[in-house]
Amino acid sequence: MRELDVVSFSISLTEEISKLKGLLFKVIKHKSKFYISKFDDVIISEINPINLNADASDYLDNLPNNYSYITTLDKRNHFAMIESKRVFGIKAGIEKLHLYYEDELPNDVITYNTFDNANAILAYCHIYDKSESAFLIESRNRNKAFPIIRKIEYDSSDEHKEQTLLYLEPKEKSIKLENYQTFLLVGDISFTDTKEYVSEMDRLALYHIRADVQNYLNLWKEYNRIELEREYKQFKKSSYVKFDSLTYGDEIKLYFNNEEFGKVTKFFIDKMCFVGGKELLHLFNSNSLDSYNKIEKELLSNEALTVVELSANGVNSTEKSIKIRTSDRAFFRNLKNGNICLSLLGNKISYQRREKAKERIITGKAGIQKMYTWFTDNPEPNEKPEIIEIDSTLLPSTNLTPNQIEAIRVILNTPDFVIIVGPPGTGKTTVIKAALIQLNALTGNKYNFGNNLLSGFRHETVLNLTENIDLFGLPAVKVGDKNNSNSEELEPRIIKFIDDLIDALKEKYINLTESDDEYIEFKKKYFNYISFNNSIDSSIEILNGISQLDIFISNSEVNEKINKMIQSLKQQNKSMSYEEDSFVNFLYGMPISEEAYNDDKERIEIELSIFEDYKALKEDVKKLNNAYNKKPYSSESVKAIRRDLILKYRKKPEILTSPAKKQEIVDYLNELFDIIKCERLKKFDGDKIAVLDYIDSLTENPYLIRETLLAYTKVLGATNQQSISKNMYLIKNDDVMFDNVFIDEAATSSPLDLFIPMSVAKKKIILVGDHKQLPNITDEGIIDEIKDGLNKNSDDSEDKDISSTMKKTLFEILIEKAHQLEAKDGIRRVIMLDTQFRMHPKLGEIVSNSFYEGMIKSVRPESDFIHNYHNLKDKYLYWLDTPYDEYYKNDYRERGSHSRKNVPEAKKIAKHIKEALDDKNYTKVSIGIITMYRDQVKAIKEELKKIGILDEKYDLMPSYASQELLIGTVDAFQGREFDIVYLSLVYTFNFDNNYSRLANENSKSLLCVALSRQKRMLIVVGDMSVYNIPKAKEKVRPLYDLAIQCSGGENHEWYYL
């Protein structure tokens, strides 16, 4: 019912209600009571809804802006029927709004009467196209409206004074309602055939209505649409690649020639792809995204395509092959060769999730109904709650800082959303966990399970949160895997929970568990057997396995009985004929679509004629021939017959058809079970057996434990996208709403993705992030395209507004809105965590001064960060100098590449790390190597490979396998921390002297992340002479400060290869 825009309901009739017939009014709810009001929210009368069904009640509980009227007035039965319609916004109190028409007012224009001699019109405002008319007025004709054109004229007595004329066009225009927002305009509204001008106040009011509609949310709606269109265009450019052959077995491999192998490894690795025959090429005949969608749907329906993923780990350059991941193995059974291309399925799913979330917000249907106002000039707070005090008995035993406790208090007392600004290492997870404990204690309902969501843009972010948070002994569980698949596999957090529990029990009862293996093994075989319709083969296998258990292996009586049973079973076993087996293989590979059949018609007819010669197959072959020759051709009929025949002829295990035979085996297994149980009772007492049975249940029923945990855990985790995935709907029984939604790294997330978890919050949204670190990445080309569409009739200042609005993170915008809301209701919604716990205090001071105006404190002592890495005992900062060397001039940039590399730096880093790892006194630490450039990442990996630390696939060699080592660009390190961090700067004056990569508008956020990942020591690798000069002070001040600290002091020494 929440999706409806109209609802009808009955109310008890009173004298006041009778007077409302023919007037528009508003229905509002306050403290469980319902009222009729004017559009300025002045109450007229309380109303008593009668015979409310559940749907109507749900609607009224979440009633947004609406206009209502009486449809039926039944005085005899004392009730009135009211109809309420949802609108995006209401503008009441219009002083004088003249709508000018030239000849005659069109009959189909709809106007309404309200109170105090006021009237109203329903106006449509286009969501994102400013070249459209300013407004359109409702018509009696469905999906049509009358345009109103805003015209600016000048006062005849003052040529500089603008006047606004609203002109009503007499001809209706067809409109798509989904592209418009509806507003109710209420006040002194008139239609006139003489020119009268809109008052300045009402002109501004109309401008703000337009601004509200064409706001941040709808700009991102357009961004989402253009992004998908661009993906489609990129798909068309990427074309397809042919594979010559494949191998079908435990693994499926595709084989390519040299040229095609180069294309597929360059463009298709780690992406969702389609595999198919000739029909796949039809995708490239599409001329629009809509036509592509139709072709794709038809091909998938005809089973002419299947979805696969090509893994980088499955690439074999020697044999020019690639292993694929697929859930549709049958598709490849008889495929000999084919084509592969990129698939847009994943992009479209992302697009649809974003659109669904955004529409819920913009239409007032999100869990927090007033959320859409946060993106207008006038954000509205939820009702002010009673002040909630922190329960100090529930705070963690570790000391929280006063600032962290205040952050928890702010979370508890927000009526809608909170912004937690969390600079590096300031204990965000600690605050989130403590806040969750407090929030769950407030529910007063111990059965309020799974009603908190932990979300984030990256899989790793959510994994880190869920691994570090549990409530009341139950783990937070992450829903969905890294590949966004709807996997049925156990979630890693659940596996860890079960394994940890088993390990703890086994450690405590080590002698007990080691002596119970025989019982566990027998029980597993026994219950597997009695629970299923067993095949003859599986019956033989189980009986053989039981006879080999130590307790029975020397028991001649048991072995003789089991052998007799096995011989009896073997006599019943039958196998499929060769002809039937061949026919099944044919069915798996037969074409479905008419085109595919015609392409291979001659071969199909020959094979079917051969199969028809076999009496057992004759009738079914006729069915296939009839389906192929039916006019008009029906791929659905062919597919249905193929499915039925596969089910009929595929090899089935020979099931024990005789209940008596199975019962004979079960009865004997029961006898053996009694024997093994008696032996067990001789070894253990009752308490020990209870422990063993508990451990056994954890091992044998992990999915039952999963279901129990998912039913009772209070915290679920999911990436922004997976917050409304199929798996989440299954777990939440289709009610994907949460009381509280925590979103980490919110400043990094795209607004389009942030809308998804925000839309499923019912009470509170807690956005945790840091806008000083990496922002979400926007495509300048898409922004330019939006500006071109919006501003055909606008000036340059609006261009700048759109650019700055879309480049500003949603996190920053919500900080501004939080301050606006605080000014209205006095409730604090923004707080910055001000104490870092991650890094050496002197490194913390550098980061604080460079990026946070000295506001971040460090409380841990230097003694917490001691180390002896590379004999740089307890140093917190070190500079490996790599002056530009003419000898290496060809090693500084890949020809034709837009990225950068500095091979001398890469060599120096590799050598430095190897010396440390090979030192006999080396104490294991985690190591990260950060750079700004992908080419430099590759260069460093190559050098580490050359000296034997990494293998051909850039994995750690066995002798270094236990070492934690990550090499990547800055974005790979967001949210990560390492004991020792190398920062490879790459730039020397050979490139340029403008620090272009380090001094652009995003440089501060890049450097903030790069300089704040280390705990014990930061090692800067670069040309010192580039960074200790005045120009560096102007362009890249943080690096200049580091260079000055290191120059000539105890923290610097010249170090050459």
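Q: Which residues is T306 in contact with, once its neighbours within four places in sequence are left aside?
A: In this predicted model, T306 is in contact with C273, F274, V275, T326, D328, F331 and F332. T306 itself sits in strand 20.

Q: Why is T306 called buried?
A: Its relative accessible area is 5%, and buried means under 20%, so T306 gets the label.

Q: What makes the T306 and D328 pair a polar contact?
A: The two side chains come to 2.9 Å, and the cut-off for a pair of N or O atoms is within 3.5 Å. So the pair counts as a polar contact.

Q: On to helix 5. Which of its residues are buried?
A: Helix 5 runs over residues 258-267, and its buried residues are E260, F261 and V264.

Q: How do you know that they're on the same side of helix 5?
A: They span an arc of only 105° around the axis, which puts them on the same side. Over on the other side, N258, E259 and K266 are exposed.

Q: What covers the buried residues of helix 5?
A: The cover includes strand 16 (240-243), strand 20 (305-316), strand 21 (321-325) and strand 22 (338-342). Strand 20 is also where T306 sits.

Q: What caps the N-terminal end of helix 5?
A: That's N257: one of its side-chain oxygens lies 3.1 Å from the backbone nitrogen of E259.

Q: Which residues touch the most other members in the largest nonpolar core?
A: Out of 83 residues, it's W374, F375, M758, I765 and L767. Helix 29 (residues 810-825) gives the largest share of this core, seven residues.

Q: Why is this core said to lie between domain 1 and domain 3?
A: Because domain 1 (62-152) and domain 3 (352-476 + 713-832) both give residues to it.

Q: What is L767 in contact with, leaving aside its neighbours within four places in sequence?
A: The list is F417, V418, I419, I420, I743, A746, L754, F811 and L814.

Q: How many of the protein's residues reach a pLDDT of 70 or more?
A: 86% of them do, and the mean is 83. Residues 793-797 are below 50, with two contacts beyond near neighbours in sequence. Residues 1049-1057 are also below 50, but that stretch has 28 such contacts in the model.

Technical notes. Residues numbered from 1 in each chain as written. Predicted model: local features only at pLDDT ≥ 70, side-chain atom pairs only at ≥ 80, totals over all residues. Heavy atoms only, no water. Buried < 20%, exposed > 50% of the residue type's maximum accessible area, 1.4 Å probe, protein only. Helix = DSSP H or I, 4+ residues; strand = E, 2+ residues; numbered from the N terminus. Arc of directions from axis to C-beta. Contact = heavy atoms within 4.5 Å. Polar contact = N/O pair within 3.5 Å; in protein donor to acceptor, adjacent residues only side chain to side chain. Core = buried A, V, L, I, M, F, W, Y, C linked by side-chain atoms within 4.5 Å. Domains from an automatic or database assignment. pLDDT = per-residue confidence, 0-100.
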